[in-house]
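Let's take a walk through this one, looking at rings and a charged side chain along the way.

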Amino acid sequence: MQLDNLSDAQARGEGARELLVFTLGDEEYGLDILKVQEIRGYDTVTRIANAPEFIKGVINLRGSIVPIVDLRLKFGLGEPHYNEFTVVIILNIGKRTVGIVVDGVSDVIQLSEEAMRAPPEFGSTVDTAYIEGLGTVGEQMIIVVDIERLMRSEEMALTDEVAARA
C-alpha cells in the first residue's frame with residue numbers, strides 16, 4: 001500500500017530518520033529527535049561574564065546547570081526577538097546537556113535517505129561543517145544540522161567552561 005507518493009519502504013519508516021523541525025528566521029532546520037530531551041518556553045537565563053554573545057547564559061534544570069546557546073546569534077541570522085513562540089530545545093549530547101534557543105518548533109518529520117541532498121559547496125567563505133544535508137518534504141526544504149558536531153566544535157567547547165563557571 002502506498003501513501004501519496006511515498007515508497008513502501010518510506011511508509012514503513014525504513015531508512016528514514018525522525019527529525020525535530022525548528023525555525024530560525026525564515027528558514028527551517030531539522031535535528032535528530034533522539035538528541036532531544038525536552039522542549040520548554042524561553043525563560044530568563046543567568047548571564048556569565050566574558051562568555052561569547054551566542055551563549056546566553058545558564059539555567060538550573062532540576063538541579064543541573066545547563067548552558068543555553070542562541071542559534072540565531074551563533075549562525076549570524078540577525079538580532080533575536082524573544083516572544084511567546086521562542087523555545088529552548090534541551091539536548092542530550094554525549095554526557096552533556098545543552099539548551100538551544102530557536103524561534104519556534106514546527107513539526108516532527110520522517111526523512112528518508114532519498115529525500116536528503118548533500119550540502120552545497122561554498123568554498124571557505126561559508127562554514128557548512130555542521131550541515132548534514134538538505135532534506136525535502138513536498139515543497140518544504142529543511143536544513144539538517146548535525147547538532148552533535150556543532151555542539152562539540154572547538155568554539156562550542158566554551159559551553160563546558162560556562163557551565164563550570166556557574
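First, a cut-off: a residue is buried under 20% relative accessible area, exposed over 50%, and partly exposed in between. Keep in mind that this is a predicted model.

With that in hand, Y42 has a relative accessible area of 25%, so it lands in the partly exposed class. Y82, at 33% relative accessibility, counts as partly exposed too. Their rings have centres 4.4 Å apart and planes at 10 degrees, so the pair is stacked. This pair ties together distant parts of the chain, 40 residues apart: Y42 is in the loop between strand 3 (36-41) and strand 4 (55-61), while Y82 is in the loop between helix 2 (71-74) and strand 6 (87-93).

A search of the whole structure turns up 3 aromatic pairs. Another stacked one is F22 with Y29, at 5.6 Å centre to centre and 15 degrees between the planes. Here F22 has 0% relative accessibility, so it counts as buried, and Y29, at 8%, is buried as well. F22 and Y29 also belong to one aromatic cluster with F75.

Now for the charges. E28 is part of strand 2 (residues 27-32). It's buried yet has no salt bridge, and the nearest side chain of opposite charge, R72, is 13 Å away. What E28 does have is a polar contact of 2.5 Å between its side chain and that of Q140. Beyond its neighbours within four places in sequence, E28 touches several residues, including F22, S106 and M141.

One last stop: the charged end of K74 sits over the ring of F54, 5.6 Å from its centre.

Methods. Residues numbered from 1 in each chain as written. Predicted model: local features only at pLDDT ≥ 70, side-chain atom pairs only at ≥ 80, totals over all residues. Heavy atoms only, no water. Helix = DSSP H or I, 4+ residues; strand = E, 2+ residues; numbered from the N terminus. Buried < 20%, exposed > 50% of the residue type's maximum accessible area, 1.4 Å probe, protein only. Lys, Arg positive; Asp, Glu negative; His and termini not counted. Salt bridge = Lys/Arg side-chain N within 4 Å of Asp/Glu carboxyl O. Polar contact = N/O pair within 3.5 Å; in protein donor to acceptor, adjacent residues only side chain to side chain. Contact = heavy atoms within 4.5 Å. Phe/Tyr/Trp six-rings, centres within 6.5 Å; stacked < 30°, edge-to-face > 60°. Lys NZ or Arg CZ within 6 Å of the ring centre and 35° of its normal.
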